[in-house]
Amino acid sequence: MFRIRRIFDGLSPANEKAIARIREILKEQFPGVSPEEGESIPEKLRNQLKYGFQTILFAAEKGPGNVHGFALVLHDPILKFCYLDFVAVAGRDAGGGLGGILYERVRKEALDLGCVGLFFECLPDDPGLSREEPVRKQNIARLRFYERYGAVPITGTKYETPLEPGGDNPPYLVFDGLGRKEPLRREKARLIVAAILGKKYGSLCSPEYIRMVMESFRDDPVKLRPLKYVSEPRHAAVAAVLPESERVALFVNRDHAIHHVRERGYVESPVRVEAILKEILPSGLFTEKKTRHFGERHILKIHSAVFYHYLRKVCLPMQEGESVYPYVFPVRNAARPPQDLSVRAGYFCMDTFTPLNRNAFLAALGAVDCALSGARALVEGRHLAYALVRPPGHHAERRLFGGFCYFNSAAAAAEYLSAFGRVAMLDMDYHHGNGQQDIFFSRKDVLTVSVHGHPRFAYPYFSGFEDEKGEGEGRGYNLNLPLPEHITAQDYLDALRRASRRIKEHAPRFLVIPFGGDTCRKDPTGTWALTAKDFENNGRLAGALDLPVLVVQEGGYNTRLLGENVRSFFKGLFEASRSPGARLWSPASRDKRPEPR
């Protein structure tokens, strides 16, 4: 069973392996194409500006990295068209229908992007243009295949004029209207032709040649060749369902509800997760995946063993409904912890309102597994993942719990990802992410950034100041952006833009976002007033970083608005991550005009 997966970048190990196999298939199926064509794929995905188009890559896989075919598409968001550069299937899979599956996926992408149509080149079936019969038979087979989708050559133009006089097999420009009836207007077609010839073949096509081809488009609307090999298109319609492999991989800490402290003022309640699920699941953007169990060794990489084993020892023996609240703190003689386990809680805690109990410990373990499962999904090639967990974790330091947090799930995920390259953490909770700051303070491989309420009025009060920049080799790899008690949505966006600039300087392979919904209006723990539209804009800015992203749920306690705000954030994140280069591009140039496909 094949899955068609969009590859957004060459950053994860799974994507690196897939692109290496795609290069092999490209060389096998198109031996006349220069090696630079395959070698440039990662940079095309990363550097949209340089090549003049947004590059979209699909791989047909049987398991991560086991690629059997691919399609490479160029998207122009200004003129709203897609150009199919390559679609290829490995030799052993040719004729098995995989090419059709890939082409259908490309058509759907073009439709989702709001394109006027899909364009590509196809070698001619006219004996006057294709003189060798074996080659012409292959050309006929290709044109017959595309006619099944309603894609036919544009006629009455000079697009198929050879670059060199007397050249054989000059390509037709084929147009697929994606099953819609709107005609292709002349002026639009001229601009699209100029973009294709100028950006893709700029080093081969002179300005005079491009102008000649453009001016040859005289019919309005443009004329299309009638169907020649099929009586009517059989696959003109395009499915509207988002492919599973491109949805946000959702990992839910389903056992979180065991952690429920029914005490006045304790806002960390199970209804938070249900409020979010109620809003996000109907959106069609998410696909829930099974959470894996990773074991305590991953927790011990970010938390001290003494701290972890204390929590385990004090929590697991407790009875249902029993809790311990810290109430004595080691101002003096911190090196001599009390013998009584309940009294010793203050030795590892930063406040008096975060209770220890059996279920809190178990739920926190589940939250770590969810975050690590999301990190693993990024390594395996997912572009977006969401760990919807309780309890939160970003206040948990190496040897301290507090702020409803016990283990730092997001930090565990960042630690896991750091084995594969640099990581950035962008904390978007109302409260400072003191946990990951403490854990990574002396490291430079994990950049920690936090946008939060100033500690002079916001929890945890003792950290989150601008002058906390890291220490040792980590100096300069911690950035705090504390904001005033009352801000506008623009103030928050400005801070996020500053955070984004620092993240881009770090050039990470992965982005982890400890995400809080407590920045919204009327949250009982915050003072800001961000709306659903603001959350969408914030998500769009994060998505524009064009990185594989893991979002780990932190705070957010206005359950009436929480779900809508989370959905809006992911809407912006998802849309921006699918089309991060929705901006002006400069023309590209190539050494050689490839053999038309």
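H68 lies in strand β3, which covers residues 67–76. With a relative accessibility of 8%, H68 counts as buried. Its side chain makes a polar contact of 3.4 Å with the side chain of N66. The model is predicted. Its mean pLDDT is 91, and 93% of residues reach 70 or more. Residues 582–597 fall below 50, yet this stretch has 63 contacts in the model beyond near neighbours in sequence. Where pLDDT is low, the predicted coordinates should not be read in detail.

**Helix α15 and its surroundings**

- Helix α15 runs over residues 489–506 and has 18 residues.
- From first C-alpha to last, α15 reaches 26 Å, close to the 26 Å expected at 1.5 Å a residue.
- Its buried residues are Y492, L493, A495, L496, A499, S500, R502, I503 and H506.
- An α-helix has 3.6 residues a turn, so residues three or four places apart point the same way.
- The buried residues of α15 pack against strands β11 (423–427), β12 (446–453), β13 and β14 (510–515), and against helix α16 (532–543).
- R502 places its charged end over the ring of Y477, 5.3 Å from the ring centre.
- After α15 comes A507, with a positive phi near 50°.

**L481 in strand β13**

- Strand β13 spans residues 478–483 and includes L481.
- L481 is buried, because its relative accessibility is 4% and the cut-off for buried is under 20%.
- L481 and V451 are 30 residues apart along the chain, but their C-alpha atoms are separated by 4.8 Å.
- Leaving out residues up to four places away in sequence, L481 touches S450, V451, H452, A495, R498 and A499.

**Aromatic pairs**

- The structure holds 32 aromatic pairs.
- In one of them, the rings of Y386 and F570 have centres 4.6 Å apart and planes at 50°, so the pair is tilted.
- Y386 belongs to strand β10 (residues 384–388) and F570 to helix α17 (residues 559–578), so this pair ties together parts that are 184 residues apart in sequence.
- Y386 and F570 are both buried.
- Y416 and F420 form a tilted pair too, because their ring centres are 6.0 Å apart and their planes stand at 50°.
- Y416 is buried at 16% relative accessibility, whereas F420 is partly exposed at 26%.
- Ring pairs link F286, Y386, F515, F535, F569 and F570 into a cluster.

**A lysine over a ring**

- The charged end of K62 sits over the ring of F2, 4.6 Å from the ring centre.

**Cis peptide bonds**

- The bond from D220 to P221 is cis, with omega near 5°.
- P221 sits in the loop between α8 (207–215) and β8 (248–252).
- The bond from Y459 to P460 is also cis, with omega near 10°.
- P460 belongs to the loop between β12 and β13.

**Positive phi in loops**

- K80 is a residue other than glycine with a positive phi, near 60°.
- K80 lies in the loop between β3 and β4 (81–89), and at 35% relative accessibility K80 counts as partly exposed.
- L178 likewise has a positive phi, near 65°.
- L178 is placed in the loop between β7 (172–176) and α7 (186–200), and L178 is buried with a relative accessible area of 2%.

Technical notes
Residues numbered from 1 in each chain as written. Predicted model: local features only at pLDDT ≥ 70, side-chain atom pairs only at ≥ 80, totals over all residues. Heavy atoms only, no water. Helix = DSSP H or I, 4+ residues; strand = E, 2+ residues; numbered from the N terminus. Buried < 20%, exposed > 50% of the residue type's maximum accessible area, 1.4 Å probe, protein only. Contact = heavy atoms within 4.5 Å. pLDDT = per-residue confidence, 0-100. Expected span 1.5 Å × (residues − 1). Polar contact = N/O pair within 3.5 Å; in protein donor to acceptor, adjacent residues only side chain to side chain. Phe/Tyr/Trp six-rings, centres within 6.5 Å; stacked < 30°, edge-to-face > 60°. Lys NZ or Arg CZ within 6 Å of the ring centre and 35° of its normal.
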